[in-house]
Amino acid sequence: MLEAKNLCKFYGSVLAVQNVAFTLDPGQVLGYLGPNGSGKSTTVKMLTGLLEPTYGEVTYDGQNIHKDLIAYRKILGYVPEEPNLYPHLTGEEYLDMVGTLRAMPQSRKSTTIASLLELFSLWRHRYVTLGSYSKGMRQKILLIAALMDNPDVLILDEPLSGLDVTSVLIVKSLIQALSAQGKSVFYCSHILEVVEKVCSHLIVLRKGQVLAHGPTSSVRQKIGKDSLEDVFLELVEDADVTQIVSDIVGVVACS
Amino acid sequence: MISRTRQWLEERRSAFSRTPFGCLVGLFLNRLFRGAADAEAGELDLGVAVILVLLVMPGLLVSLLTLEKYGSLMRFLHGQGAFDPFSATISDEYLFIVLSASVTAAAALWRWDAIFLDRRDYTNLVPLPLSLRTLFSANLCAILSFAAILTIVANGASMVLFPIAVVGSQPSLSLFLRFAAGHAAAVLSASVFSFFFIFALAGLLTALLPSAAFRKLSLSIRFVSVIALLALLATSFTVPDLLKRLSVTSAHGIAILPPISFLGIARTVWGNANDPFSAAMTGAALIAIGLAALTAMVAYIVSFRRSFLRLPELADAGPIRRLSRCFSPLTFFHNLAPRSSSPRACCQFVARSLLRSTAHLQTLLCSLAVGLVVSAESLSSASLHFSVESNTSPPMEFLSIPFILSYCLLAGIRFAFEIPLDLRANWIFRLWLDPDRHDSRSVARRVLLVFSFLFGAPDFPLHARILGMDDRPSAHNGLVRLHGRSYRNPPDSFSQNAVYLPVSLVPESLPPDRGRLSFWLLHFQILASAIRPVGSPPSHQRRLVHPSVREHTRRPPLVSPTDARHGQAHHF
């Protein structure tokens, strides 16, 4: 069980995240929502051990993850927001490197890579360098790299970015299937309809603070809105969307 | 026996590369050879083999020249009966030391950005189950391996050929071995020193400066360093003579400075260990290596802690901000570009393309640095005592300066044009290739011509007028450019003409010491043409027509032609 206990993070004197606390149980898919600059990426970095919280701690099975970071990362699969891969490596070389660095046995590594490349429709592009891949193809490589060592915890930061419609459907179903297998999934996204369909629980963040936390249906009922989009607008957005849209149309028309 | 050893070595290498540490070392070493920049952004990727060939070339060329100089026939013709190789070769030994240090330092400067771990390494590697200590030591191991490869490759040819040239005809094996050992020790230690010096400089700047400031200053520092290295190389012919002319105290003061002090290592190994002068030089050289290595290590540790480990806390520095329009070198170009919209837009595109990345800027600045140093060397041998009022003829070396600078700039532009562009944005060449657009070819040619004109030292007539000279340089300048217009690729013809026309049109523009200048120009030409095969025109055109050809397939794809076609369609 992954647990965030009162996480606070200061960058100098700027408070990025304040008292974020939640529990991620096995089989649970936790959606993490918030506008730009709300502290989502900072939380993700603290959960993956890339950043140490200023206050609070992240524990896995009751132990602070920083006490044995290597063991924690062994059971962690992480898809970062930006697919900043090595452009000179081919897709297969990159996955082989990740498998080697994860100390996977050679035979298991080879078969897993081959199967996943085939299933993600990248088999015929396996000898092409990552620099020539499209954004969606790179995103698939990141997903394969996160899944290939059968992790217990998956942290996904905008995993559907750049994927085509078929791949989006596959990944959405895949997340639910993995959760059914007992994997814990932390899902950070801007796409509300996907979060609504995929996530069993939800956290809405604004300016580093948690505004709503609980099962998705219960959050919706509590706010009294039908869709997650309305819930999000109610909680997070101060601005009048309709007014902004009409202003933009006016500016465009004048120009 | 040999095949068994090779097989054993291959198995060991393969087993090592399958360990996490070995895999990381391989990754970082590959990155050092290929650079840290994006291949997709159209950066220069020469490949390991070409880089190694380029590193070998300077030492090989100079070694081949010494074969003739120290041949027994030449010695006989010069009347050199008794020949002491240790004293007769001091000036060449110094040249090899400077060459070794310069080549290694230039290679380190070229890969300056790839020495330290960056954001991409952090994003890809730190979330994996690896300790930071493993990353730290694997990168250090890769850097040291890179230094060892550079050192050996840059000096390999001279370590073999120079002793053969000098003492190959002597019957004594011990003499040969002693000479070879002294030469090898001197050039290898000079290479090691120069690599660690650049490593330390990069490390200190990374550790002390904020990331954005370092990125902005990086190119300027490298430009100054290249000028310093070329100046060092240019003075390598005169320093040994200068030392002989100086008093003992002055000579001692200069001789303990690197790279002159590395001569002491060679002299010590050659049997002058008891000579206090050689001992002092050797001691100074060893201290210099130790200090450089120590500083590099400290800088590496500090930069790892201060820069790499703090990466997630630092905001993205993003791309280097362009200069404001009023200070941009492109402003001049924009003002003089053609007035009609299409060629004007093409001109701006070409200018942006040519100066758009660090690799392009490095190429242009490097060629400019070569021009500046060769010009300075040419001027240093000229008599500067003349005045316009007294109608005294200016020294002929002045005439050669615009040609040298022009040649170097044009060669730089020519080479920069060869660096692959991001084809998706390269619409000028799409215009060129569009058969329905009849005016596209002439527009593109005019754009390139204007661009080359503006870049190619328009100060020639001014230069000649101020100095009260005749119009021959201006005439030549015009001829070069008009001649270039008839070619499909103006910079190419420009660079060729800039080599040959100065000799044919203005023969007296060459300085009296033609040999030295010719050596520099020839050297630069060889280097430029050696690198030129990158992106040959036919393949470039194919890639322009079919962007999918751009995919860098590393191994033969095991798919049918039908599948390959599907792959191309998918990529579109």
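## A serine, its chain and the partner chain

Author: B:Ser400 is found in helix H18 of chain B, which runs over residues 397–418. The model is a predicted one. B:Ser400 has 24 C-beta neighbours inside 10 Å and therefore counts as buried, the cut-off for that class being 20 or more. The C-alpha atom of B:Ser400 is separated by 7.9 Å from that of B:Ser375, and the two residues are 25 apart along the chain.

The setting comes next. Chain B has 26 helices and zero strands. Of its 572 residues, 37% are buried, and B:Ser400 is one of the residues that count as buried. Contacts in chain B between residues at least 6 apart in sequence join residues at least 24 apart in 77% of cases.

On the H6(B) side, the contact is made by B:Val98, B:Leu99, B:Ser102, B:Ala105, B:Ala106 and B:Leu109. H10(B) contributes B:Arg222, B:Ser225, B:Val226, B:Leu229, B:Leu232 and B:Leu233 to that contact.

H6(B) also packs against H13(B), at an angle of about 125° and with the axes 10 Å apart. H6(B) and H13(B) are therefore oblique to each other. The crossing in which H6(B) passes H13(B) is right-handed. B:Ile90, B:Glu93, B:Tyr94 and B:Ile97 of H6(B) make this contact with B:Phe262, B:Leu263 and B:Ala266 of H13(B).

H13(B) has a further partner in helix H9 of chain B. Helix H9 covers residues 173–208 and helix H13 covers residues 262–272; their axes come within 8 Å and cross at roughly 160°. H9(B) and H13(B) are therefore roughly antiparallel to each other. Here too the crossing is right-handed, with H9(B) passing H13(B). From H13(B), the residues that meet H9(B) are B:Phe262, B:Leu263, B:Ile265, B:Ala266, B:Val269, B:Trp270 and B:Gly271. Their counterparts in H9(B) are B:Arg178, B:Phe179, B:Ala181, B:Gly182, B:His183, B:Ala185, B:Ala186, B:Ser189 and B:Ala190.

Helix H1 of chain B, residues 2–17, is a case of exposure. The number of buried residues among its 16 is zero, so H1(B) lies largely in the open. At 1.5 Å a residue this helix should span 22 Å, and its end C-alpha atoms are 22 Å apart, which agrees.

In chain A, helix H6 (residues 165–180) has 16 residues and reaches 23 Å from its first C-alpha to its last, close to the 22 Å expected at 1.5 Å a residue. A:Val171, A:Ile175 and A:Ser179 are the buried residues of H6(A). These residues cover an arc of only 65° around the axis, which puts them on the same side of H6(A). The other side of H6(A) carries the exposed residues A:Val165, A:Thr166, A:Leu169, A:Ser173, A:Ala177 and A:Ala180. Strand S3 (29–33), helix H5 (135–147), strand S8 (184–188) and helix H7 (192–198) of chain A are among the elements that cover the buried residues of H6(A). Just after this helix, A:Gly182 takes a positive phi of about 100°.

Most residues other than glycine have a negative phi. In chain A, A:Asn19 is not a glycine, yet has a positive phi of about 50°. A:Asn19 lies in strand S2 of chain A, residues 14–24, and its 14 C-beta neighbours inside 10 Å make it count as partly exposed. A:Asn150, also a residue other than glycine, has a positive phi near 50°. A:Asn150 sits in the loop between H5 and strand S7 (153–157) of chain A. With 13 other C-beta atoms within 10 Å, A:Asn150 is partly exposed.

How values were computed. Residues numbered from 1 in each chain as written. Chains lettered and ligands numbered in written order. Predicted model: local features only at pLDDT ≥ 70, side-chain atom pairs only at ≥ 80, totals over all residues. Helix = DSSP H or I, 4+ residues; strand = E, 2+ residues; numbered from the N terminus. Expected span 1.5 Å × (residues − 1). Buried ≥ 20, exposed ≤ 12 C-beta atoms within 10 Å, placed from the backbone. Arc of directions from axis to C-beta. Contact = placed C-beta atoms within 7 Å. Axes fitted to C-alpha atoms, helices over the stretch in contact; angles between N-to-C directions. Parallel < 35°, antiparallel > 145°, perpendicular 65-115°, else oblique. Left-handed = near helix turned anticlockwise from the far one by under 90°.
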